[in-house]
Amino acid sequence: KMEMNQNITLSKKISGDQDSDATLVGGVLTHHGARLFELTTNVDERIRFATVDLLSQLLRQGLLNPMEVVPYLFGLQGDIESKNIRSLALKLLITEGHKRPDMLRQRACAGVKQAFSFQEAVYPDHPVSAVIKNRNEITVECIFGAVFKECIRASKKQKRGLLRNLLGLFSSGAKLPLLSFAAQVLAHLPYSTANDPLFIIHFVQNLAALEGAQLLDRLCTFLEDQGLAGIDELNTEEDVLEKAAKKKNPSRCKDLAAIRGKKFDAPRFSTFCEDISPFVILLRLKAFLRKIYNLSETRCLGYNPDSQERNFDRLVSLPSDVPVFECSLVPILGPQGKLDRDVSIRRYAEFRKLMRTEQQSESRASDSDDDGDGKKKRKLSDNDRIGGNKKSKLSEDD
């Protein structure tokens, strides 16, 4: 009736909603906001749905700070078993994203962490995953794909900011399971142009060339000091650990007796293997993106994120049967906190192989550039000879 009565002004309508009872209830809920956020990870689906519904009412009335709520709405995108909860949380995210796009991007990284924690708490018997398989079990989609399409993908600034934030996790000392989850998000976000995967690949290449190469050098020096022979510091071919990693029990190989010895510094080797693990995930991610987006070595190495070229802004399409990005890593330490030597050797071998692939790619690209320069020089010299012949002919005519 109030809506139909044209004599009632807008200010009176608003003040009518702010009666003492509504203010009291809202104040109590705002005071207990932290407990309300905890309920979003309740194992009971009905409680989670009621909590999200209540959050939507409080957001609409301006009784909650969106900066605090958004990470939990992102986290609920990880509720892969409840479509209704995901849909309601997504609706709220899109609403906030249209109102405050910068805030949404800034809180997305916290939201990814919350989604990871959500799945660990609510679905402890299932592996944490950032993708949802469709009913046909062929196509997969990222749990954040819909909000990325609606609120972030159209803006280059928002996309770059989001990608930087997620990639920044790999330099923050975050736990490996969270890094694997973040890499899976980066692998399966619905990018519309080659610019986005190339930006990620560019970041990985730079990090591997600078920090990865230095880490590999230190690791090789450590292994040599521990008495292991056959370690190739230049990384031009397989070394003794890589060959051993192909066997069932690498640490029992005859050539790796030093690793089994009491003098071997197992804690330090464990630290090295933990340090190289984020690089293994990132280099796997690079190879995955290159394959599914069909990106050549030359294109990846020639990409400049600050360039104004339009070639990278062309629309890209993915095949319908994109596989799930394999990002999980076996823990270096066993159940009792003891170093698993076999896992460590295989981790080292994979890191070394991926780094060697990086070096070979750069070398091939450099050789192709040299060949191109040589062709240009030969072409110029041919033109000079032609020009010289023309000049000599003109002089004879004179």
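This is a predicted model: local features need pLDDT of at least 70, side-chain atom pairs count only at pLDDT 80 or more; totals for chains, interfaces and linings use all residues.
Residues are numbered from 1 along each chain as its sequence is written, and side-chain values use heavy atoms, with hydrogens and water left out.

Q: How many helices does the chain have?
A: Helices (H or I, at least four residues) and strands (E, at least two) are DSSP runs, numbered from the N terminus. Counted in this way, the chain has two strands, and its helices number 16.

Q: What percentage of the 398 residues of the chain count as buried?
A: A residue is called buried under 20% relative accessible area, exposed over 50% and partly exposed in between, with a 1.4 Å probe and protein chains only. For the 398 residues of the chain, the buried share is 44%.

Q: How far apart are the end C-alpha atoms of helix α14?
A: The expected span of a helix is 1.5 Å times one less than its number of residues. Helix α14 covers residues 266–292, so its 27 residues should span 39 Å, and this agrees with the distance between its end C-alpha atoms, which is 38 Å.

Q: Where in α14 does a kink lie?
A: The bend at a residue is the angle between axes fitted to the seven residues ending there and the seven starting there. In α14 a kink of about 30° lies shortly before the proline P278, at I276.

Q: Which residue caps the N-terminal end of α14?
A: The helix is mostly covered, with 19 of its 27 residues buried. At its N-terminal end, a side-chain oxygen lies 3.3 Å from the backbone nitrogen of R268, and the residue that supplies this oxygen as a cap is D265.

Q: How are the rings of F37 and Y72 arranged?
A: Rings of Phe, Tyr and Trp (its six-membered ring) pair if their centres lie within 6.5 Å, and planes under 30 degrees apart count as stacked, over 60 as edge-to-face and the rest as tilted. The structure holds 12 aromatic pairs. Among them are F37 and Y72, whose ring centres are 4.6 Å apart with planes at 15°, so the pair is stacked.

Q: How many residues apart in sequence are the parts that F37 and Y72 tie together?
A: F37 is buried at a relative accessible area of 6%, whereas Y72, at 24%, counts as partly exposed. Because F37 lies in helix α3 (residues 33–38) and Y72 in helix α5 (residues 66–75), the pair ties together parts whose separation in residues is 35.

Q: What is the angle between the planes of F118 and Y123?
A: F118 is buried with a relative accessible area of 1%, and Y123 also counts as buried, at 13%. Their aromatic pair is edge-to-face, with 6.3 Å centre to centre, and the angle between the planes is 75°.

Notes
A polar contact is a pair of N or O atoms within 3.5 Å; within protein, one must be able to donate a hydrogen and the other to accept it, and residues adjacent in sequence count only if both atoms are side-chain atoms.
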